[in-house]
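Please prepare a briefing on the nonpolar core and the annotated positions of the structure shown here, grouped by topic.

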Amino acid sequence: MPIPGLIDPVPVPRAPAVGDDPRTDLVGLSREAIRAALEEAGLDARQAKLRAKQLWHQIYNRGATGFEAMSDIAKPQRAWFAERFRIGRPDVVVQQVSTDGTRKWLLKAGDGHDFEMVFIPDADRGTLCVSSQVGCTLNCRFCHTGTMRLVRNLTAGEIVGQVMLARDALGEWPSQPEGRMLSNIVMMGMGEPLYNFDNVRDALKIVMDGDGLGLSRRRITLSTSGVVPMMAKAGEEIGVNLAVSLHAVTKEVRDEIVPLNRKYGIEELLEACAAYPGANNARRITFEYVMLKDKNDSDEDARELVRLIRKYKLPAKVNLIPFNPWPGAPYECSTDERVERFSDIIFEAGISAPIRRPRGRDIMAACGQLKSAAEKKSRAELDRLAEEKLAALPAV
């Protein structure tokens with residue numbers, strides 16, 4: 001499968017995706033935006049307000065994919081809606097199921113670009129890993145998605161649409177607060193969420209709305225590689241849990257594996273974590289740390305991580321992630337013994353450091369493996385791509 005659209009990776013607002021369907025997609029619109037769209041289409045203000053409320057309930061609580069089954073709306077008006085509006089979902093190109101029950105979907109947007117999402121079932125929860133971009137702005141060297149160029153940001157509708165598509169697949173309509181398999185969302189799929197801030201914020205507000213998808217903010221986690229200027233804004237305007245892709249404790253190593261560190265260094269990043277609104281012992285910041293053999297996995301690295309967390313007085317836990325290989329990857333996974341030792345040092349310091357059990361490796365659905373087309377890149381090509389992406393990043 002070819003890489004979809006190699007274009008300039010500057011993370012700036014882009015025109016919405018344009019497909020063959022000229023109708024306005026209501027998925028991703030706020031209540032007020034739906035009302036405004038109905039008025040623009042010809043309804044008077046009173047009718048538009050009433051119908052917007054009904055449509056919101058049908059779309060986000062009942063899971064409607066069309067207007068024909070909306071029994072609280074008269075048949076002639078259903079037809080009128082259907083002529084002018086649609087209730088979109090991403091198209092499913094391929095669905096894969098791992099031997100451990102993990103599901104991965106390759107999805108296609110209206111303009112033909114591909115992106116992926118993953119559902120990870122556990123005994124006490126089900127977590128949906130949602131993408132925010134087609135491709136990625138950054139070039140984290142351990143991450144398969146990072147070897148892609150950014151094609152474009154996903155719209156709010158395409159982000160919400162992933163959650164709704166997963167609900168479709170799991171048979172979880174109407175929305176119920178208890179007993180559902182899809183209980184948690186992590187913005188950890190393809191892309192850097194904070195370089196698509198407005199669409200991610202608008203999508204998650206719909207996901208958290210109590211009259212719609214109704215997922216609590218404490219069950220949603222946004223992961224960033226360290227876009228420092230946007231972190232406080234995310235805490236104030238979205239207010240979900242924060243995860244930070246740390247992966248190293250020295251400038252030299254983090255500059256290599258998370259090139260954004262050359263723009264926003266470790267000290268600056270940890271200061272932003274300490275200032276993150278709402279962070280406390282009940283809502284700890286998660287530091288993601290991928291375990292790379294002979295790169296970031298020594299006892300000294302573990303002790304330095306403990307020192308940094310204590311220095312900045314961070315309410316934190318550390319997720320240790322065994323490296324998940326992909327074709328052409330420049331690293332190897334740390335040994336099980338080394339990962340256990342690293343975890344023990346952090347636990348002995350009184351900081352939680354669970355080892356994340358790899359899920360979906362057999363279908364390339366594990367952490368760091370998402371990519372809509374596989375290709376190998378040389379170290380020189382990765383370095384060149386990293387420099388291009390860093391040069392293109394704006395001052396946020």
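Leu55 is in contact (heavy atoms within 4.5 Å) with Leu26, Ile34, Leu38, Phe67, Met70, Ile73 and Phe81, leaving aside residues up to four places away in sequence. The model is a predicted one, in which local features need pLDDT of at least 70 and side-chain atom pairs count only at pLDDT 80 or more, while totals for chains, interfaces and linings use all residues. Residues are numbered from 1 along each chain as its sequence is written, and side-chain values use heavy atoms, with hydrogens and water left out.

**Nonpolar core**

- Leu55 is, together with Phe142, Phe287 and Val318, one of the residues that touch the most other members of the largest nonpolar core, which has 111 residues; such a core is a set of buried Ala, Val, Leu, Ile, Met, Phe, Trp, Tyr and Cys residues joined through side-chain atoms within 4.5 Å.
- The largest share of this core, eight residues, is supplied by helix α4 (residues 156-170), where helices (H or I, at least four residues) and strands (E, at least two) are DSSP runs numbered from the N terminus.
- Both domain 1 (24-86) and domain 2 (91-363) contribute at least three residues to this core, the domain bounds being taken from an automatic or database domain assignment.
- In soluble globular proteins, nonpolar side chains tend to be buried together.

**Annotated cysteines**

- An unreviewed UniProt entry annotates Cys136, Cys140 and Cys143 as "binding site"; UniProt positions follow the numbering used here, feature names are shortened, and annotations may be inferred rather than shown by experiment.
- Cys140 lies in the loop between β7 (133-134) and β8 (152-153), and it counts as buried because its relative accessibility is 8%, where buried means under 20% relative accessible area, exposed over 50% and partly exposed in between (1.4 Å probe, protein chains only).
- Cys143 lies in the loop between β7 and β8, and at 16% relative accessibility Cys143 also counts as buried.

- Gly191 is located in the loop between β9 and α5, and with a relative accessible area of 17% Gly191 is buried.
- Tyr195 lies in the loop between β9 (184-187) and α5 (197-208) and is buried, its relative accessible area being 6%; the C-alpha atoms of Tyr195 and Asn153 are separated by 8.3 Å, although these residues are 42 residues apart along the chain.
- Leu246, in the loop between β11 (241-245) and α7 (251-257), is buried with a relative accessible area of 2%.
- Leu246 touches Arg254, Val258, Leu269, Phe287, Glu288 and Leu305, not counting residues up to four places away in sequence.
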